[in-house]
Amino acid sequence: MPRVGLSPAGVVDAAIAIVDAEGPAALTLSAVAAQAGVQTPSLYKHVRNLAELRQLVTLRVIEELTERLGEAALGRSGDDAVRAIMRAYRSYVVDHPGRYAAMEQAPEPRLEAAASRLLGIILATLRAYELGDDALIHAARALRSTSHGFAILEASGGFGLPQDLETSYELLIQMVIGGLHKA
C-alpha cells in the first residue's frame, strides 16, 4: 500500500526540495525517501527509478517556466512581450537555480507536450515580428539561449565584475530586440 499522503507529485515535491537545497547532484532515491520520510523501496510505488524521477522533475520545471513566461507575456506584444519573457526567464532561473539545473535540456519524448507549450509561448511572442518559419525558429533559439546563458552565469556567480547586472541584462534584451527588428 502507498503511504498515506505520498503520491507521485509528493515524490517530485521531495525531489524539488533536494535540488533546490543541494543541487541536482544530490538527487538520489535514498535522499528523496529520507526527505519524504519513507524507506527507499516505498518510492517504487510512485516512480519506476531515478531516471523517471528526473523526467518528472524536468516536467515540473518546464511547467513552472511555461507558467511564468505565459503570465509575463499575457496582454503584451512585440518588444514589450519579448522584454517581459526574457525577464521572466531570468528571474525563474535565479529564483530556482537548483531545479533549473536539474532540468534535462533535451527532454524525453514523453515530455514533448510540455516542452511544446513552452516553445509555443516563445513562438507566439515572436510572431509579432513577422518572421518566416525558419527565421522564427532561429529567433526562438536565440532568445532562449541568451536568456538561459545569462541566467545560468548569474545564478552560478559567473559575473565577478562590479558592474550592475540589471544594466547588462537590459543591454542584452535591447540587443535581442534590435536583432529581431533586423531579421
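The expected span of a helix is 1.5 Å times one less than its number of residues. Helices (H or I, at least four residues) and strands (E, at least two) are DSSP runs numbered from the N terminus.

This is a predicted model, in which local features need pLDDT of at least 70, side-chain atom pairs count only at pLDDT 80 or more, and totals for chains, interfaces and linings use all residues. Residues are numbered from 1 along each chain as its sequence is written, and side-chain values use heavy atoms, with hydrogens and water left out.

**Figure 1. Helix α8, its length and its cover.** At 1.5 Å a residue, the 23 residues of α8 should span 33 Å, which agrees with the 33 Å between its end C-alpha atoms. Its buried residues (under 20% relative accessible area, against over 50% for exposed and in between for partly exposed; 1.4 Å probe, protein chains only) are L136, A139, A140, L143, S147, F150, A151 and E154. The cover over these buried residues includes α5 (78–95), α7 and α9 (165–182). Just after α8, G157 has a positive phi of about 75°.

**Figure 2. The packing of α7 on α8.** Helix α7 (residues 112–126) packs against helix α8 (residues 133–155) at an angle of about 115°, and their axes are 10 Å apart. Axes are lines fitted to C-alpha atoms, for helices over the stretch in contact, and angles run from 0 to 180 degrees between N-to-C directions. The angle makes α7 roughly perpendicular to α8; the classes are roughly parallel under 35 degrees, roughly antiparallel over 145, roughly perpendicular from 65 to 115, and oblique for the rest. In contact (heavy atoms within 4.5 Å) are L119, I122, L123 and L126 of α7 with L136, I137, A139, A140 and L143 of α8. By class, this contact has nine nonpolar, no polar and no charged residues. Ala, Val, Leu, Ile, Met, Phe, Trp, Tyr, Cys and Pro count as nonpolar, Asp, Glu, Lys and Arg as charged, and the others, Gly among them, as polar.

**Figure 3. The packing of α5 on α8.** The axes of α5 and α8 come within 9 Å and cross at roughly 35°, in a right-handed crossing. From α5 the contact takes V82, I85, M86, Y89, R90, V93 and V94, and from α8 it takes L143, R144, T146, S147, H148, F150, A151, I152, E154 and A155. These residues divide into 11 nonpolar, three polar and three charged.

**Figure 4. The surroundings of R90.** R90 lies in helix α5 and is buried, with a relative accessible area of 6%. Apart from neighbours within four places in sequence, R90 is in contact with F150, A151, E154, L165, E166 and Y169.

**Figure 5. The packing of α1 on α2.** Helix α1 (residues 8–22) and helix α2 (residues 29–36) have axes that come within 9 Å and cross at roughly 105°. That angle makes α1 roughly perpendicular to α2. V11, A14, A15, A17 and I18 of α1 make the contact with A31, V32, Q35 and A36 of α2. By class, the contact has eight nonpolar, one polar and no charged residues.

**Figure 6. The chain as a whole, for orientation.** The protein chain has nine helices and zero strands. Its C-alpha trace spans about 60 × 40 × 25 Å along the principal axes. Buried residues make up 41% of its 183 residues.

Notes
Left-handed = near helix turned anticlockwise from the far one by under 90°.
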